[in-house]
Amino acid sequence: MTKRSHARQIFNAALKAADPYAAVLAHLSPEDPLLRHAKRIFLLGAGKASAPMARAVEKVCGPRIAASCVVVKDGHTVPLRYTELRESGHPVPDARGVEAAHRIAALAAAATAEDLVICCISGGASALMPLPAPGVTLAEKQEITRQLLAAGANIHEMNAVRKHLSAIKGGQLARLAAPAPVLTLILSDVIGDDLSTIGSGPTAPDPSTLADVADIFRRYGISHPLPAVETPKKLTNVTNRIVGSNAQSIQAAALKAKELGYEPLVLSTTIEGETRDVARMHIAIARECLRSGRPARPPVCLLSGGETTVTLRGPGKGGRNQEFALAAALELRNESRIVVLSAGTDGTDGPTDAAGAFATGLTARDLRAARAALDANDSYPYLAQTGDLLITGPTRTNVMDIRIVLIS
């Protein structure tokens with residue numbers, strides 16, 4: 001088999017480890033004290049993986065679910081029996097998401113101390129469940145989101161802003177549900193599995209403040225008045241459980257790489273930074289393996305997880321994983337011993353239908369066109385032409401990105 005085929009197998013192993021249905025079943029039992037003592041169960045959720053997560057909750061709780069509302073990205077639905085499933089816009093919020101968020105907030109507020117609110121939260125929940133704070137319109141939230149994305153704001157900055165422009169995020173959903181107990185099952189898509197950042201932490205205390213958001217607005221040149229209500233800093237009615245993460249997927253990828261005959265080397269599961277700089281760093285490590293056998297002697301599989309950022313310099317079409325692949329390809333010209341795959345575990349990379357892309361020594365064979373595409377952030381059409389896009393369709397999971405560098 002080719003290294004490209006091996007890279008795809010390793011990525012598939014990472015996806016399997018992030019299966020949200022299995023992850024929830026591993027962390028939820030009918031014997032759970034929170035379930036046994038509940039008079040009624042309210043099932044709420046948001047995120048790209050929240051539909052299969054809800055399906056797992058249905059398997060455990062079934063007809064005990066008295067009311068529900070779960071919102072997913074378009075095309076990320078699964079058949080459900082007891083759950084009201086809705087679709088809304090991502091990454092830019094839309095009116096459907098506002099309607100779903102109103103429904104979720106109303107159900108949370110209807111729960112009593114004798115009930116249990118189960119929340120399924122995964123990546124994408126921030127955009128899919130928008131409920132603007134008083135004095136903020138959806139159009140204003142959309143414009144601020146666009147400006148932050150275009151400026152290269154990281155996920156922590158994005159979520160700090162989203163929480164304070166929302167009436168439901170930053171612990172405010174749990175505050176609405178009180179005194180009802182809340183059990184939140186979380187598929188992490190953020191570095192370090194920070195509860196307050198995943199999905200903008202609707203059931204987690206929020207350490208960020210209005211002053212922090214004001215600093216972010218100044219940093220990126222955004223002019224907008226801030227709401228007056230601060231997010232909760234302490235919650236006593238919530239149990240938050242991480243059921244899946246990038247680290248678990250990277251571990252599964254390492255095991256598959258070993259099975260295929262490579263020495264797996266996990267660089268980090270907390271990679272951040274400008275995408276093209278991170279790509280150059282990965283290729284530099286790969287070349288060192290070839291040149292000196294450090295930090296490992298080939299055949300080697302370098303693995304990393306996390307989420308990089310792209311500062312837009314042009315009007316092109318692509319995503320951070322496609323940009324990673326194209327930047328890596330420019331470093332790999334005519335190198336036959338290295339193959340790269342960078343892809344999002346959710347199956348979508350930026351506003352495209354690709355999960356990511358491969359890079360080989362032939363990807364940038366048209367050097368002038370490759371450089372022009374990278375300069376214009378126009379990786380998608382270039383990689384489509386070279387046949388290097390990875391298109392998986394919706395995976396219905398989301399534990400950030402996986403980068404695989406195979407060295408023979």
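User: Which residues in α8 meet α10, and which ones do they meet there?
Analyst: From α8 (155-164) you have Glu157, Ala160, Val161 and His164, and they meet Leu210, Val213, Ile216, Phe217 and Arg219 in α10. "Meet" here is contact, i.e. heavy atoms within 4.5 Å. Helices are DSSP runs of H or I with at least four residues, strands are runs of E with at least two, and both are numbered from the N terminus.

User: Before I go on, what am I looking at, and what are the ground rules?
Analyst: This is a predicted model, where local features need pLDDT of at least 70, side-chain atom pairs count only at pLDDT 80 or more, and totals for chains, interfaces and linings use all residues. Residues are numbered from 1 along each chain as its sequence is written, and side-chain values use heavy atoms, with hydrogens and water left out.

User: OK. At what angle do α8 and α10 pack?
Analyst: About 120 degrees, with the axes 9 Å apart. The axes are lines fitted to C-alpha atoms, for helices over the stretch in contact, and angles run from 0 to 180 degrees between N-to-C directions. That makes α8 oblique to α10. For the cut-offs, under 35 degrees is roughly parallel, over 145 roughly antiparallel, 65 to 115 roughly perpendicular, and the rest oblique.

User: Is that crossing left-handed or right-handed?
Analyst: Left-handed. The term applies if the near helix is turned anticlockwise from the far one by less than a right angle; clockwise would be right-handed.

User: Which residues of α10 are buried?
Analyst: Leu210, Val213, Ile216 and Phe217. Buried means under 20% relative accessible area, exposed is over 50%, and partly exposed is in between (1.4 Å probe, protein chains only). The four cover an arc of only 115 degrees around the axis, so they sit on the same side of α10. That arc is taken from the directions from the helix axis to the C-beta atoms.

User: And what's on the other side of α10?
Analyst: Ala211, Arg218 and Arg219 are exposed there. The buried residues of α10 pack against α7 (138-151) as well as α8.

User: Where does Ser200 sit, and what's its phi?
Analyst: Ser200 is in the loop between β5 (182-187) and α10, with a positive phi of about 65 degrees although it is not a glycine. Ser200 is buried, at 0% relative accessible area. Met400 also has a positive phi, near 70 degrees; that residue lies in the loop between β11 (389-390) and β12 and is buried at 3%.

User: Switching to the core: how many residues are in the largest nonpolar one?
Analyst: It has 32, and those with the most contacts inside it are Leu302, Ile338, Val340, Ala359, Val405 and Ile407. A nonpolar core is a set of buried Ala, Val, Leu, Ile, Met, Phe, Trp, Tyr and Cys residues joined through side-chain atoms within 4.5 Å. Elements giving it two or more residues include α12 (275-292), β8 (300-306), α13 (320-331) and β12 (401-407). The largest share, seven residues, comes from α13.

User: How do α12 and α13 pack?
Analyst: At an angle of about 45 degrees, with axes 8 Å apart. That makes α12 oblique to α13, and the crossing is right-handed.

User: Last one: is Asp378 buried, exposed or partly exposed?
Analyst: Partly exposed, at 25% relative accessibility. Asp378 is in the loop between α14 and α15, and its C-alpha is separated by 5.7 Å from that of Gly318, 60 residues apart along the chain.
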